[in-house]
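Hi everyone, thanks for coming. Let's take a walk through a structure together, one piece at a time.

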Amino acid sequence: MPQVHQDGPRVAVVAGCRSPFCKAGTVLKDVSAVDLARYTVVELVHRANLAGKEVDEIYFGQVVPSALVPNIAREVSLLPQFPATIPAASVNRACASANAAIVLGHDQIRLGHASVIIAGGAESLSDVPIQHSKRFSELLVGLSKAKNNRQRLRLLAGFRPKDLVPVSPAIAEPSTGETMGQSAEKMAKVNGISRRAQDEFALRSHQLAHAGAEDGRLVMEIAPFFPSSGEPITSDNGIRAKTSLDEMAKLKPVFDRRHGTVTAANASPLTDGAAAVLLMSEDAAKALGHEPLAFIRSYAVAALDPSDQLLMGPAYAVPRALDRAGIAWSDLGLVEMHEAFASQVLSNIQAFESAQWAEEKLGRSGAVGAVDWDTLNVMGGSIALGHPFGATGARITLTLANEMQRRGTQFGLISVCAQGGMGFAMVLERP
Amino acid sequence: MSAFTVRTEHGIGWLELDLPDEPVNKMTRGVREELGSWLDRLGADGDVRSIVLISRKPGSFIAGADIDEFLALRSRDEAHALVRSGQELVGRLGRLGKPVVAAIHGACLGGGLEAALACTYRIATDDAKTRIGLPEVQLGIIPAAGGCQRLPRLIGVRNALDMILAGKQLPARRAFRKGIVDEVVHPAILERVASETAERLAGGWRPKRRNIALAQLALDRNPLGRRVVYAAARKQLQKKTGGHYPAPAAALRAVEHGLKHGEDAGLDIEATLFAELAVGDVSRNLVRIFFATTALKKDWGIAGEPPAPKPVANIGVVGAGFMGAAIGGVAVSQGGVDVRLKDRDVASVGRGLAMARGVLRDRRKRGRISTYEYRRLEPLLSGSASWQGFRRADVVVEAVFEELAVKHAVLGELEQHVRDDCVIASNTSTIPIAQIAQVLSHPERMLGMHFFSPVEKMPLLEVIVTDKTAAWATVTAVAFGRELGKTVIVVRDEPGFWVNRILAPYLNEAGRLLEEGVTVEAIDRAMTRFGFPVGPVTLLDEVGLDVAQKASIVLFEAFGDRLKPTPGIERLIEDGRLGRKNGRGFYAYEQGKRRDVDQTAYEIIGAMPDSQVPREDVDARLVFAMLNEAARALDEHVIRTPRDGDIGAVFGIGFPAFRGGPLRYLSELGVRHAVETLEELAQKYGDRFAPCVRLTRMAAGDQSFYPRP
């Protein structure tokens, strides 16, 4: 295994905030991802008492960018709070995009290229780009190039009404055609994750999220959104405080009507939202008077064949990140796992805990670790809170860093599964 | 040193203007003389086939006439001679027999535009600094170097009147659309395009003017249609000026006469009307106010050498109510500063942000900012129910409920969350700043910033300083106020400050007259006749009866019986009449629209509208109540100079500008005459009219507030 270089300044997570996470098509449906990202960062600037000129670079993750705003990060760095001279890049590592943005920032600081970075992500799944059909686009391009009416007429003669039917993006693997849900369904079957276990996990997510919102720990991360008319939006709208196993049991499986177990209740919903964190070198944090929430100790990314178990990436990435951090699973005081599907979380946990799996897949003796349920997703996760693809990674980082500070936890772990068979893991540490 | 640099290149004569030692180019006597002789020379020079008139002064083509010259005019004849020579010079531009190109970058106003209009071709830069217009009427005069003749001939009567009568200034693109300029170019290529155009013009090419819209032509081209246009314009003018401002009507006459009887006759009447207006009181006072406003832009309101103002990039506003939100909106739209609104709860913050955005949206709707600028500026408005972000603030404006205890509680908390070099400003209209500052551990950073409602429209800002206010805080607040486009006067921390101090006796007197049975209409009409934009009773409704009463009580407590409020207003408030804001006041309101006087108001006051007070006394009581208090407050050094006081009254309460302000008006009436009037009023109506010490002293010494001309 290649040596991990540990010179270069430590990178601190200093602050962060996020928009309310709201189910697609609801209260944030008229707000574009750019606007979500921009207002979230404005709030971060205020909360961190930041002077715009202190920021060196901005990275943002987005999975389904608008055709009109291909580089969302640049629109963020062009906020009037910043000088126009802050470079910005947008990144896409699917559901781990915000994590990729954070990693980019981390690396720039470690390299000494930057000392203050804003990294985050945003997604509006109410506002996905709908495309014209291939034939219709060809017609339009052809018409614009046509030199005379005869050519135009000929092109128009080939037009069929069905060409007007738009193509909307599906959450399917381009390489296999398998949708996310079908993958989760497959994993449940292969790993023997029962409907009951999935529903119980989802219920836990809602209950813990509800508790976290009630006691203010989640709410303090939320930047209220002030729409141009109507009441401010101050909280996530996917958390079901009163749901029960009985209620969940009534739902029909979505992806396999006869033998399936994955339902709307034990999967994360399509969501609109944005989140951002403020990263600084340890020295910069000190110089600017910020008390770091946590430091980034290590991270790792892994990928597997998408035709295998698509969402098993974390099972590969996590041991790598732990190794790079030089710690064992048992050193972890808190774990934040992205909950795409209950079956995906439970499958990965099964892998973490299996010595056989470790030996077969990783070639190591002994399981990666045993999950302590008291320290896993202590304020729920994406099933309850929702999952704006581009933003989730920053939300998890922020929540973990905040909770580590509250509890005085020494080590915390993030794991995120992503489309394309990828997994992301990061270890945070204090002090 | 000469203003023009002239060179000839490839048959083109370049007239380059850069008036030495001045920030902008003006048509001074010297400039006119030089231009005249250069035109003679270039006209006679056989090598010169065409001419370019261009400025070498950054951001200024020709900003207009030299206004100092107007004030120095002693007689109508002098004014007439001045304007004739101007007309002759501008006319020569068109009679050279050689084409002239005006290459316009920066302000092209008044005489500058009139010169450009006489040129063969006009090119303007697409730059924010380029403004094109004839603002003469705003100084009580008319464009008299052919502007009233050439503009309507170029762009049609309706468009021309639109520009001239309101003294409008247009950005280059709009001027192009109206047909005033022939071409709009990027500043980088202005010279090249001017040179190429001069070349083509020398070769005999002439621009084809674009057709003005057909409808316009239909009305403009026939005498009958024009008559309709004139009549409509006249009617509108009467409504707008109340007959107090003669210049727009004169300009209208000059345009009409010229189109009817030809350009020469038009120039004759331009000269005659200009001469009359330029030496008249209205223009004199408007010019003085213009100068006073200009002088105030350089006056930091402190004795001695002012320290440098601290840059203001971020502000906090505490209290996201009506005033706080409006201040936030104006700070973003005018000043481009980052505004953090804070209120008790998120819902209040949300309402405040919506109102503040409204200010911005309104500017977009009016075309003052583009959609892109709107999108850039909008994120500068944010808000919170917590103090987060206040450490960034360079200035915090407090606009919470007008109650000392509330303000103390808020400021005590606030000071824990701001930097030590943050200026804390209260937007109170009544509470003494020093009292508010008591809770601060750094009272030297506290002052008042008294904005007037509606903030986006009212041009005045009172900056109120206490004995403890530090100079750096004062200059920072003054500079910030100017950034918001306000005319700023620095006022001492006395009850009511300046504007409300002189307003109180005036409004009280209106209340008294009502109780004595004078009708609402009679009172309001008296003061609009005097030249106020609205009468005092309307003003009460607009400001809010409760707000006015609150101020009134503060002043009564400070100054006693002289400023005793009338009980009638109190009764109206008890009846739930707060004015326009709750749709019930002296007037009735329907869906926000004002209707007639609400007759039931008289009953509540306990008055029968059957007054015996003579009309002259109504006028005198209202006006002199204010004048007397103005002199008294000046004597108590509430304001630093009569100039500040007059500007405050004109911009803060709409004291008739053509009268120059209360102290100027007193001077013009003659202090002795004013004292006599006050003594009469005191005898007839009570001691409150007794002339103040300052006035009697001045009358005895035959003094005036301003040096006599």
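Before the first strands, a definition: two strands pair if DSSP finds at least two bridges between them. Helices (H or I, at least four residues) and strands (E, at least two) are DSSP runs, numbered from the N terminus. And a word on what is on the screen: this is a predicted model, where local features need pLDDT of at least 70, side-chain atom pairs count only at pLDDT 80 or more, and totals for chains, interfaces and linings use all residues. Residues are numbered from 1 along each chain as its sequence is written, while chains are lettered from A and ligands numbered from 1 in the order in which they are written.

Let's begin in chain A, with strand β7, residues 294-303. How many bridges link β7(A) to strand β10 of chain A? There are eight, and the two strands pair in the antiparallel sense. Strand β10 covers residues 422-429 of chain A, and there Glu429(A) is the bridge partner of Phe295(A). β7(A) also pairs with strand β1 (residues 11-18) of chain A, again antiparallel, over three bridges. In that pairing, Ile296(A) of β7(A) has Val11(A) opposite.

Is β7(A) mostly covered or mostly open? Mostly covered: eight of its 10 residues are buried. Buried here means that 20 or more other C-beta atoms lie within 10 Å of the residue's own; exposed means 12 or fewer, partly exposed is in between, and the C-beta atoms are placed from the backbone.

Staying in chain A, look at the segment after β10, where Pro431(A) sits. The peptide bond leading from Arg430(A) into Pro431(A) is cis, and its omega is near -5°. Then find Ala94(A), in the loop between β4 (88-91) and α3 (97-110) of chain A. Ala94(A) is not a glycine, yet its phi is positive, about 50°. It counts as buried because it has 21 C-beta neighbours inside 10 Å.

Now, where the two chains meet. Contact, for us, means that the C-beta atoms of two residues, placed from the backbone, lie within 7 Å. Chain A brings 18 residues to the contact and chain B brings 19. On the chain A side, eight of those residues are nonpolar, six polar and four charged.

On to chain B and its sheets. One is an open sheet of six strands in the order β1-β2-β3-β5-β7-β10, with mixed pairing. Why do β1 (4-9) and β10 (183-185) of chain B each have one side without a neighbour in the sheet? They stand at the edges, so each has a single partner strand. From one strand to the next, the twist averages 20°. Angles here run from 0 to 180 degrees between N-to-C directions, and axes are lines fitted to C-alpha atoms, for helices over the stretch in contact. Inside this sheet, β3 (residues 50-55) and β5 (residues 100-104) of chain B pair in the parallel sense over four bridges, with Ile51(B) opposite Val100(B).

Another open sheet in chain B has four strands, ordered β4-β6-β8-β9, and its pairing is mixed too. Here β4 (60-62) and β9 (169-171) of chain B are at the edges. β8 (residues 131-133) of chain B runs antiparallel to β9(B), and three bridges join them; one pair of bridge partners is Ile132(B) and Leu170(B). Helix α4 (residues 111-118) of chain B packs on this sheet, touching β4, β6 (107-109) and β8 of chain B, and its direction makes about 80° with that of β6(B).

Next, a pair of helices in chain B: α5 (residues 147-155) and α11 (residues 246-261), whose axes come within 9 Å and cross at roughly 65°. From α5(B), Cys148(B), Gln149(B) and Pro152(B) meet residues of α11(B) including Ala251(B) and Leu259(B). The residues of this contact are six nonpolar, two polar and no charged.

Last stop: Ser453(B) and Pro454(B), joined by a cis peptide bond with omega about -5°. Pro454(B) lies in the loop between β16 (446-451) and β17 (460-465) of chain B.

Notes: Nonpolar A, V, L, I, M, F, W, Y, C, P; charged D, E, K, R; others polar.
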